[in-house]
Amino acid sequence: DLVTVLFGSNDAAAHKKVALKTYVENIFKITDLIGPDKTILITPPPVDEKLQPNRENSELAKYADAVKRVSEETGCYLIDFFTELHSRPNYKELLVGILNDGLHFGDAGYDILANLITEKIHEIESNGERKFD
C-alpha cells in the first residue's frame, strides 16, 4: 500500500559523493515509479561526525532539504527524520548500534523511525486519504 524511501547518508559522504542534482533526480524517478500517493519519503538521519569523518551534518541537511522539496513538488508523503533526530540533545546516543559507527543507529533510533512511520500512516488514514487493511 505504501513504500518508504530512505537514502542519502552515503550519497552525501565526501568519499562517495553523489551530486545533489543527481540525488534529487533519482528521488523524482523513484517517486514517479512508485507513485506519489504511495510514497513516503524519509530524510536521511544525522550522523555522529566524530565517528563519521566523511559525513557532515551540514551536508546531510542539504540532502534532507532536497527530499523535502521533492515531497512538496510531487505531493508524496514526508517524514523529516533528520530534523526529528538532530533536534534531540541526545541524538548521538540514538546512533549507537551494533556497529557503533555513528551512522547505523541502534534500537532506540529504529524505535523512533518505526513510531514516525506508524504516526504517518495513521495521519494518512485519519485524513481520509487512504484506507489500509
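1. The point to start from is G75, which sits just after α2 and takes a positive phi of about 85°. The model is a predicted one, and that applies to every value below.

2. Helix α2 contains 18 residues, and its first and last C-alpha atoms are 25 Å apart, close to the 26 Å expected at 1.5 Å a residue. Its buried residues are N57, E59, L60, Y63, A64, A66, V67, V70 and S71. Viewed down the axis of α2, these buried residues fall within an arc of 165°, so they line one face of the helix. The face of α2 turned away from the buried side carries the exposed residues E72 and E73.

3. What lies over the buried residues of α2? The cover includes α1, β2 and β3, together with α3 (81–86) and α4 (91–94). For L60, the contacts beyond four places in sequence are G8, S9, A12, P44, P45, P46, V47 and F82.

4. The largest nonpolar core has 16 residues, and the members touching the most others are Y23, I27, L41, L60, V67 and V70. Two or more residues come from each of α1 and α2 (57–74). The most comes from α2, which gives six residues to this core. A second, separate core of 14 residues includes Y91, L94, L95 and I124. As background, nonpolar side chains in soluble globular proteins tend to be buried together.

5. The sheet is open and has three strands in the order β1-β2-β3, with parallel pairing. Its edge strands, β1 (3–6) and β3 (77–79), each pair on one side only. On average, neighbouring strands of this sheet are turned by 25° against each other, direction ignored.

6. Strand β2 (residues 39–42) is joined to β3 by three bridges, and the two run parallel. Opposite L78 in β3 stands L41. L41 is also among the residues that touch the most other members of the largest nonpolar core.

7. Leaving aside neighbours within four places in sequence, T39 is in contact with V3, V5, T31, I34, C76 and Y77.

8. Helix α1 (residues 20–34) lies across β1 and β2, and runs at about 155° to β2. Helix α5 (residues 107–126) packs on the sheet and touches β1, β2 and β3, with its direction making about 150° with that of β3.

9. The length of α5 agrees with expectation, because its 20 residues should span 28 Å at 1.5 Å a residue and its end C-alpha atoms are 28 Å apart. Buried in α5 are G109, I112, L113, L116, K120 and I124. Down the axis of α5 these buried residues fall within an arc of 110°, so they line one face of the helix. On the other side of α5, the residues D107, E119 and S126 are exposed.

10. Which elements cover the buried residues of α5? They include β1, β2, β3, α3 and α4. One of the buried residues of α5, I124, is also included in the second core.

Conventions:
Residues are numbered from 1 along each chain as its sequence is written. This is a predicted model: local features need pLDDT of at least 70, side-chain atom pairs count only at pLDDT 80 or more; totals for chains, interfaces and linings use all residues. Side-chain values use heavy atoms; hydrogens and water are left out. Two strands pair if DSSP finds at least two bridges between them. Helices (H or I, at least four residues) and strands (E, at least two) are DSSP runs, numbered from the N terminus. Axes are lines fitted to C-alpha atoms, for helices over the stretch in contact, and angles run from 0 to 180 degrees between N-to-C directions. Contact means heavy atoms within 4.5 Å. A nonpolar core is a set of buried Ala, Val, Leu, Ile, Met, Phe, Trp, Tyr and Cys residues joined through side-chain atoms within 4.5 Å. Buried means under 20% relative accessible area, exposed over 50%, partly exposed in between (1.4 Å probe, protein chains only). The expected span of a helix is 1.5 Å times one less than its number of residues. The arc is that of the directions from the helix axis to the C-beta atoms.
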